[in-house]
Amino acid sequence: MKSITNSITSSHYIQSLAFDQVETYSLQRGEEYNAVIQMLKPERNGLKVRKEKRNNLSH
């Protein structure tokens, strides 16, 4: 049995879409997100220093 498939590149698919408006949403906003970022900053900075000094984050 012969299978027939049609394919289209993503750029062609995007160009074929018709729309007047695009809405996007980010879940990385608000006070809760900012609080988590502030809490994680010291750990991130420590890892950054370790990487710069030893280039090894596995330990």
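Helices (H or I, at least four residues) and strands (E, at least two) are DSSP runs, numbered from the N terminus. The model is predicted, so local features need pLDDT of at least 70, side-chain atom pairs count only at pLDDT 80 or more, and totals for chains, interfaces and linings use all residues. Residues are numbered from 1 along each chain as its sequence is written, and side-chain values use heavy atoms, without hydrogens and water.

Q: How many helices and strands are there in the protein?
A: The protein has 2 helices and 0 strands.

Q: In which helix does I14 lie?
A: I14 belongs to helix α1, residues 10-16.

Q: Why is I14 called exposed?
A: Exposed means over 50% relative accessible area, buried under 20%, and partly exposed in between (1.4 Å probe, protein chains only). I14 has 53% relative accessibility and therefore counts as exposed.
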